[in-house]
Amino acid sequence: MHLTQGCFSFLPDLTDAQIVQQIQYCLDNGWAVNIEFTDDPHPRNTYWEMWGQPMFDIADAQGVMLALADCRKHANGYIRLSAFDSSPGWESVRLSFIVGRPKDEPGFRLTRQEGAGRTIHYTTQPYAVDRPEGERYR
Amino acid sequence: MTDIVDTSASPPAAIDLKAEFGEAGLADMLSALDDELFGLKPVKARIREIAALLLVERARRRLGLTSGPPTLHMSFTGNPGTGKTTVALRMAGILHRLGFTRREQLIAVTRDDLVGQYIGHTAPKTKEVLKKAMGGVLFIDEAYYLSRPENERDYGQESIEILLQVMENHRADLVVILAGYPDRMETFFASNPGFRSRIGHHITFPDYDDEELVAIGDLILSKEDYRLSADAKEAFTRYVALRKTQPHFANARSVRNALDRARLRQANRLVHGHPGAVTPDDLMTIEAADILASRVFAPSLVDEGSP
């Protein structure tokens with residue numbers, strides 16, 4: 001199952017050249033770009049692991065691409081880029097999109113829990129999290 | 001003949017290099033370099049050559065002739081105060097005008113910025129610097145400090161390996177300029193042959209001669225609205241000749257320091273020894289006494305006959 005999240009989720013995955021352009025757009029706006037990764041792709045999991053610190057003082061997109069290449073080498077699972085705008089006085093996300101995904105995406109299991117009086121609670125759970133952290137996507 | 005015209009529908013049939021030269025603002029850049037830096041003939045000639053090469057490279061690219069990204073990494077070797085940093089700044093401008101770097105940016109670093117203190121500290125530090133420098137020029141001053149062959153556990157080697165990798169794989173994104181004193185750079189390159197082969201342009205900065213140093217002094221002073229009196233000029237010429245023979249001589253930097261001290265003495269003279277009000281002329285003029293009070297003249301004090 002092709003996971004979609006954040007900006008451009010309705011488009012095919014961006015190529016590296018397109019990612020570079022998006023990053024450059026963020027940097028030109030003065031936003032700090034941050035790389036995050038996770039192997040728990042549940043949509044409610046907003047707290048992904050950070051790959052290093054947000055890049056506050058970088059002028060050129062290739063600098064971010066350097067870090068992204070590193071992250072892709074080491075992190076299994078999903079990778080996203082977020083751009084933070086600090087101009088209002090606090091950091092707020094302006095743009096966030098997926099830039100890396102595992103080869104195999106098993107998708108989500110839908111669990112129905114039958115409650116009293118025929119009520120049903122629905123839960124989704126990524127198949128991947130059946131395995132321990134770090135071994136989910138190989 | 002007609003073939004050439006036909007195929008030139010999208011790329012231009014010919015490129016006027018002279019016009020390109022002016023258009024890219026190179027003429028201004030190079031003449032600014034001439035005005036700002038005295039002497040350094042071989043360096044300027046070399047920069048002109050490089051600029052011409054880049055211009056041709058760009059023209060070739062436009063005409064669709066094969067050209068990969070050229071190797072632009074450089075090494076500047078020369079004694080202290082010969083203008084390596086200034087030229088590197090200009091170089092960043094030239095490379096940007098010609099479109100070989102995406103931004104006119106020069107990040108100057110030394111060993112401390114690249115090499116960490118403990119295991120696992122170096123790689124992130126070096127990568128941090130590289131990330132910042134991407135798209136522009138990375139200027140590594142006193143590059144030979146990166147490698148300490150006498151200490152095999154030194155972290156400098158790790159930094160060097162990362163640098164080499166980026167220099168090779170990101171030739172279109174980053175230009176690295178290594179700078180340092182000639183003899184030590186020689187040993188550095190000898191122990192790191194990877195660097196030598198990845199550097200396209202080795203530029204040697206010669207020392208300034210006496211005349212040039214005096215002219216540099218004049219330029220520094222005139223920029224700050226000072227001038228030397230006729231006597232002071234003569235004294236300064238002698239100062240330069242003497243200073244050169246003493247240890248720790250750093251060419252233009254020594255000249256600047258000497259003039260800073262002369263200004264200090266001038267200020268002191270004006271405040272404590274000047275009768276009556278000072279005129280703008282007094283404030284501008286550095287007298288022979290301000291220069292002759294220098295320690296450089298100390299051994300020959302007896303000959304000078306001055307206190």
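**Exercise 1. Cysteines of chain A**

Cys7(A) counts as partly exposed at 33% relative accessibility. Buried means under 20% relative accessible area, exposed over 50%, and partly exposed in between, with a 1.4 Å probe and protein chains only. This is a predicted model: local features need pLDDT of at least 70, side-chain atom pairs count only at pLDDT 80 or more, and totals for chains, interfaces and linings use all residues. Residues are numbered from 1 along each chain as its sequence is written, chains are lettered from A and ligands numbered from 1 in the order in which they are written, and side-chain values use heavy atoms, with hydrogens and water left out.

Task: How many disulfides does the structure hold over all chains?

Solution. 
- Step 1. Recall the bond: a disulfide covalently links the sulfur atoms of two cysteines.
- Step 2. Set the cut-off: the two cysteine sulfur atoms must be within 2.5 Å.
- Step 3. Check Cys7(A). Its closest cysteine sulfur is in Cys26(A), 9.2 Å away, so the distance is too far for a bond.
- Step 4. Check Cys71(A). Its closest cysteine sulfur is also in Cys26(A), at 16 Å, which is too far for a bond. Cys71(A) is buried, with a relative accessible area of 0%.
- Step 5. State the count: zero disulfides over all chains.

**Exercise 2. A surface patch on chain A**

Task: Which residues make the nonpolar surface patch of about 300 Å²?

Solution. 
- Step 1. Patch residues have over 30% relative accessible area and no salt bridge; like charges are joined within 9 Å, nonpolar side chains (Val, Leu, Ile, Met, Phe, Trp, Tyr) within 5 Å. A salt bridge is a side-chain nitrogen of Lys or Arg within 4 Å of a carboxyl oxygen of Asp or Glu.
- Step 2. Name the members: Leu110(A), Ile120(A) and Tyr122(A).
- Step 3. Look at one of them. Ile120(A) is partly exposed, at 37% relative accessible area.
- Step 4. Strands (E, at least two residues) and helices (H or I, at least four) are DSSP runs, numbered from the N terminus.

**Exercise 3. The sheet of chain B**

Task: In what order do the five strands of the open sheet in chain B stand?

Solution. 
- Step 1. Define pairing: DSSP must find at least two bridges between two strands.
- Step 2. Join S2(B) to S3(B). Four bridges do this, and the two run parallel. Val109(B) stands opposite Ile140(B).
- Step 3. Join S3(B) to S4(B). Again there are four bridges and a parallel run. Leu138(B) has Val176(B) as its bridge partner.
- Step 4. Join S4(B), residues 175-180, to S1(B), residues 74-78. They pair in the parallel sense over four bridges. Phe76(B) partners Ala179(B), and Ser75(B) partners Leu178(B).
- Step 5. Read the order: S2-S3-S4-S1-S5, with parallel pairing.
- Step 6. Find the edges. S2 (106-109) and S5 (201-205) of chain B each have a single partner strand, so one side of each lacks a neighbour in the sheet.

**Exercise 4. Two faces of a strand**

Task: Which residues of S4(B) point one way, and which the other?

Solution. 
- Step 1. Recall the pattern: side chains in a regular strand alternate between the two faces of the sheet.
- Step 2. Sort S4(B). Val175(B), Ile177(B) and Ala179(B) point one way; Val176(B), Leu178(B) and Gly180(B) point the other way.
- Step 3. Judge the cover. Six of the six residues of S4(B) are buried, so this strand is largely enclosed by the rest of the structure.

How values were computed: Areas by Shrake-Rupley, 256 points an atom, 1.4 Å probe, with all protein chains shown as cover.
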